[in-house]
Amino acid sequence: MNDKFFVKARRAEGLVEKTRSLKSRRTKGLVALNPKIHLMPNTFTQIPIHAVFAVARRENIILAPWRGRLHQYISGVLASETDYALAVGGWKDHVHIFFELKPTQKICDVLSVVKSKSSGWINDNGLVQEHFNWQEGYGAFAHSRSQRHQVIQYIINQEHHHRRKTFKEEYIGMLEAHELAYDARYLFEFYE
């Protein structure tokens, strides 16, 4: 076994002790030290992220017969990349995902994997006639624990929601509700 660095947290003293050890990862009280991650005792996070991304070429091609399977697939991708998906939904031209972000992850990395794997799944399964792609970019919004149920219901009820509002209206409304400044030239290309 390779020589590994371990960190042992001493609760009473609040110190972090680095020790070189050949012990297995299962050694009680020891955690493998990743040099890219700064570990701190008593550090807890809850980072729920609601992200939205759209189909390239302003197409309305995420069709009902396979939309649910796409959402299930994306949920599985999120489960492998993050701790778990809280909700996945969307409509004919876009997808909403709500997930817990690990403190060691970047939103852009999670979205890159989700978009890449899901577009590959759509293409591999021949679900569209032309090559499928997502538009570049995304919207990502952090929410508090108290908003979790509301966001999940919002994502689950996308079909009903889009009977009254276009994706463009919805997306601009989200940007404005979160007080995010935006330049209309750099928004998604919307299907009207």
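Predicted model: local features only at pLDDT ≥ 70, side-chain atom pairs only at ≥ 80, totals over all residues.
Student: How are the strands of a sheet held together, and in what order do they lie here?

Tutor: In general, strands of a sheet pair through backbone hydrogen bonds, and the pairing can be parallel or antiparallel. In this model, 4 strands form an open sheet in the order β5-β6-β4-β7, with antiparallel pairing. At the edges you will find β5 (85–91) and β7 (139–142), each of which pairs on one side only. On average, neighbouring strands are turned by 15° against each other, direction ignored.

Student: Which strand pairs with β4 over 7 bridges?

Tutor: That is β6: residues 48–54 of β4 and residues 94–100 of β6 pair in the antiparallel sense over 7 bridges. To find one place on screen, look for His50, whose bridge partner in β6 is Phe98.

Student: Which strands does each helix touch?

Tutor: Helix α2 (residues 107–124) packs on the sheet and touches β4, β6 and β7. Its direction makes about 45° with that of β4. Helix α3 (residues 148–156) also packs on the sheet, touching β4, β5 and β6, and its direction makes about 155° with that of β6.

Student: Which residues of α3 are buried, and why do they line one face?

Tutor: An α-helix has 3.6 residues a turn, so residues three or four places apart point the same way. In α3, the buried residues are Arg148, Val151, Ile152 and Ile155. Seen down the axis of α3, they fall within an arc of 100°, so they line one face of the helix. Their cover includes β4, β5, β6 and α4 (158–161).

Student: What does the face turned away from the buried side carry?

Tutor: That face of α3 carries the exposed residues His149 and Gln150.

Definitions and conventions: Residues numbered from 1 in each chain as written. Heavy atoms only, no water. Pairing = 2+ DSSP bridges. Helix = DSSP H or I, 4+ residues; strand = E, 2+ residues; numbered from the N terminus. Axes fitted to C-alpha atoms, helices over the stretch in contact; angles between N-to-C directions. Contact = heavy atoms within 4.5 Å. Buried < 20%, exposed > 50% of the residue type's maximum accessible area, 1.4 Å probe, protein only. Arc of directions from axis to C-beta.
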